[in-house]
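Trainee: Could you walk me through how to read chain contacts and pockets in a model like this one?
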Number of protein chains: 4
Amino acid sequence: MNITLSQAEQLISAAKEKAVSIDCKMNIAVVDAGANLVAFARMDGAWLGSLDISIKKAKTARFFDMNSGEIGKLSQPGESLYNIEHSNGGLITFPGGVLVKNSDGEIIGAIGVSGNAVENDHAVAEAGAAAL
Amino acid sequence: MNITLSQAEQLISAAKEKAVSIDCKMNIAVVDAGANLVAFARMDGAWLGSLDISIKKAKTARFFDMNSGEIGKLSQPGESLYNIEHSNGGLITFPGGVLVKNSDGEIIGAIGVSGNAVENDHAVAEAGAAAL
Amino acid sequence: MNITLSQAEQLISAAKEKAVSIDCKMNIAVVDAGANLVAFARMDGAWLGSLDISIKKAKTARFFDMNSGEIGKLSQPGESLYNIEHSNGGLITFPGGVLVKNSDGEIIGAIGVSGNAVENDHAVAEAGAAAL
Amino acid sequence: MNITLSQAEQLISAAKEKAVSIDCKMNIAVVDAGANLVAFARMDGAWLGSLDISIKKAKTARFFDMNSGEIGKLSQPGESLYNIEHSNGGLITFPGGVLVKNSDGEIIGAIGVSGNAVENDHAVAEAGAAAL
């Protein structure tokens, strides 16, 4: 099962609404089950450097089938996945990348959000993922 | 002047409509005046390899302020810009990248389309750019 | 609003003067609002490895609209942006990248300096940014 | 022998003057004998995609100690250096990269110019190189 463009656009729409409600300007990326970009939106005035980060967060989540922040706990100095960020052309392992599942609980993609404090990035990604 | 997300979404919507009307599955990318991605959509079943190509076509058009296919005429063997494609992290110089202007004729971004024959890619990009 | 070449050259001139006054040999880069290089100078005998660092510091500041050293505080092990340096083709998050604003307080670019202790890099960047 | 920053700035100043006189907006890059950037200037409104090309032209000239256009003759299909552009992180082999020599005829660096027709790029680079 793979996310459709129509579903990805629903996610981005819900994520934008949440971002506006907490007064944040976000970059929002949705990847499919193959970790390839399906849809993307950069809100007016959002940080330019967050473009790449939002895509990398979404890919990171799908690469390992867990939210990006979970991998960040394991990639710290002394931990088991130390510096895993060097793989796959660059990972981003702090919060803001969230798995997307269908109603059967199957992983069909992931959403990555970047543009503010990581708590806000994560909240917007969650709001997007919950739209299905 | 820079394209807004709302304008970029209008472009993608018009491009998708044109793509459906000619029975094509396209990757559609919109960049701003700084050649940075603003919005992207991959239609269901569109070629995976066209994802990167659509983004590169849009960037190529804005990098040199002309449609991507124009550059491709000059980059042929023996022509004045032979192998310019090796610059800027990789250019795509066949048709499908089209400049986007506002009502005053100012360049505010570019749209890149990839997924079918280059004539169709170009037609869909033109339909997108004409939406403003 | 975007920095002009003439303004960028003023910044580099002021930064060089400061560097000479504290007996440092610096690489100095100025990027515009789109994070693209506008002007660059490598003082005679300056570290070769600092060429790339000065450009990355300027870009990093503009990517997130804060001085590069601010991001470095958040990218430490255990902090919220750990290993953000893996994004955008490589960030530099220690001091020496400073935002450039016009008289209305708008961000119009950034300056990055590298070649000595980070305190000196930052001081030279500040002197450059203050030239407008 | 190596070009100094002061000499590089003379070259850029002369190149800018020539560019203005033929009504062109140019990216101008000067590299030293080690093929590393010494000074750079992007004139207001110059093509964004020419930034990278101007640097690559200067490097290409110094990499092989001949003007960039000379290499372009040899890199055509069927010729002896076919597709040499794939080396060194990307070469640009059409005109606009010119060697810089001191009064003893020693190569001390190279200048690369991009932003217009290659004849104009070359003319501006020649004007810069002649400033010493």
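Mentor: Let us begin with chain D and chain B, which in this predicted model bury about 1,400 Å² between them, with 63% of that on carbon and sulfur atoms. Buried area is the accessible area (1.4 Å probe) that two parts lose on being put together, summed over both. On the side of chain D, Trp47(D), Leu48(D) and Phe94(D) lose the most area to chain B, together 34% of what that side buries.

Trainee: How many residues of chain D and chain B are in contact?

Mentor: Contact means heavy atoms within 4.5 Å. By that rule, 20 residues of chain D touch 17 residues of chain B.

Trainee: And how many salt bridges and polar contacts are counted between chain D and chain B?

Mentor: A salt bridge is a side-chain nitrogen of Lys or Arg within 4 Å of a carboxyl oxygen of Asp or Glu; the count here is zero. A polar contact is a pair of N or O atoms within 3.5 Å; within protein, one must be able to donate a hydrogen and the other to accept it, and residues adjacent in sequence count only if both atoms are side-chain atoms. Between chain D and chain B there are 10 such residue pairs (both at pLDDT 80 or more).

Trainee: Now the pockets: what is the volume of the second largest pocket?

Mentor: Rolling a probe the size of a water molecule over the atoms shows where empty space is left. On a 1 Å grid over the protein atoms alone, a pocket is an open set of points where a 1.4 Å probe fits, with protein on both sides within 12 Å along at least five of seven lines; lining residues have an atom within 4 Å of a point. Grid points are joined across faces, edges and corners, and a volume is the space filled by probe spheres set on the points. The second largest pocket has a volume of about 1,100 Å³. Among its 43 lining residues, Asn2(B), Ala33(B), Asn2(C), Ala33(C) and Gly34(C) are the closest to its centre.

Notes: Residues numbered from 1 in each chain as written. Chains lettered and ligands numbered in written order. Predicted model: local features only at pLDDT ≥ 70, side-chain atom pairs only at ≥ 80, totals over all residues. Heavy atoms only, no water.
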